[in-house]
Amino acid sequence: VGERAGRIIIPVYKKDNVIGYVSRAFVKDLEPRYLNSEGLKYLWNATDEKKNKGILLEGIFDALAAERVLHKVHSMAGLGKDLTDAQLEALLKFKELTLVPDPDKPGMKGVAKRMSQIKETGHEIKLFVVLPSKTSGSVDWGELGESSHGCKKIAKAYEERVPWTKTVATRLKARAAFL
């Protein structure tokens, strides 16, 4: 009913409290495609515990697909392009963190910005990025996770991730500039 009609609504928790939601249209041509609650922006599936490996994707369906395939990696969704203090605090709990940009200009610029913010904290976190390529391509990870072939593509894209360096940052920003 109302503006939430035709949408899947997914709650966002912090500890045991619902602090917001993300809704995604499942009816074709319904705009906006995503309609989120207002207020504090947090990570979907963030953890309060220290973890070894984490992966941050832009959307919940991408994170669910990654979770289905990458069993030893904690999957999260960023719910936007910016990194809030609360999100940054959650990400600093990982020893190793991989960021996956959407293969569009805002997605790639957003990952570059997030990586800079994480680096500026001075925390010792091994940072990696999955660069858009033939493997991870312009295909939505959420759609890939629906088939065994797609799951293999997700696993391969994760295996091909590269350490975050200034050169990689420049390469990602340059690729975004030509989109």
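Analyst: Start with the rule. A salt bridge is a side-chain nitrogen of Lys or Arg within 4 Å of a carboxyl oxygen of Asp or Glu. This is a predicted model, where local features need pLDDT of at least 70, side-chain atom pairs count only at pLDDT 80 or more, and totals for chains, interfaces and linings use all residues. Residues are numbered from 1 along each chain as its sequence is written, and side-chain values use heavy atoms, with hydrogens and water left out.

User: What makes E96 and R161 a salt bridge?

Analyst: Their closest N and O atoms are 3.1 Å apart. The cut-off is 4 Å, so the pair qualifies. E96 lies in strand β6 (residues 94-99), and R161 in the loop between α5 (148-159) and β8 (162-163). The two are 65 residues apart, so the pair links distant parts of the chain. Helices (H or I, at least four residues) and strands (E, at least two) are DSSP runs, numbered from the N terminus.

User: Why is E96 called buried?

Analyst: Buried means under 20% relative accessible area, exposed over 50%, partly exposed in between (1.4 Å probe, protein chains only). E96 has 12%, so E96 is buried. R161 has 18%, so R161 is buried too.

User: How many salt bridges does the rule give?

Analyst: Three. One of them joins E3 and R4, N to O at 2.8 Å. E160 and K156 form another, with closest N and O atoms 2.9 Å apart.

User: How do you know whether E3 is exposed or buried?

Analyst: Its relative accessibility is 55%, so E3 counts as exposed. R4 has 23%, therefore R4 is partly exposed. E160, at 37%, is partly exposed, and so is K156, at 43%.

User: Which residues make up the negative surface patch?

Analyst: D48, E49, D85 and E89. Patch residues have over 30% relative accessible area and no salt bridge; like charges are joined within 9 Å, nonpolar side chains (Val, Leu, Ile, Met, Phe, Trp, Tyr) within 5 Å. Asp and Glu count as negative, Lys and Arg as positive; His and the chain ends are not counted. D85 sits in helix α2 (residues 85-91).

User: Which element has the lowest mean pLDDT?

Analyst: Helix α4 (residues 141-144), at 68, while β6 has the highest, at 97. pLDDT is the predictor's confidence in each residue, from 0 to 100. The chain averages 86, and 91% of the residues score at least 70. Where pLDDT is low, the predicted coordinates should not be read in detail.

Conventions: Accessible areas come from the Shrake-Rupley method with a 1.4 Å probe; for residues, only the protein chains shown count as cover. The place of a charge is taken as NZ of Lys, CZ of Arg, CG of Asp or CD of Glu.
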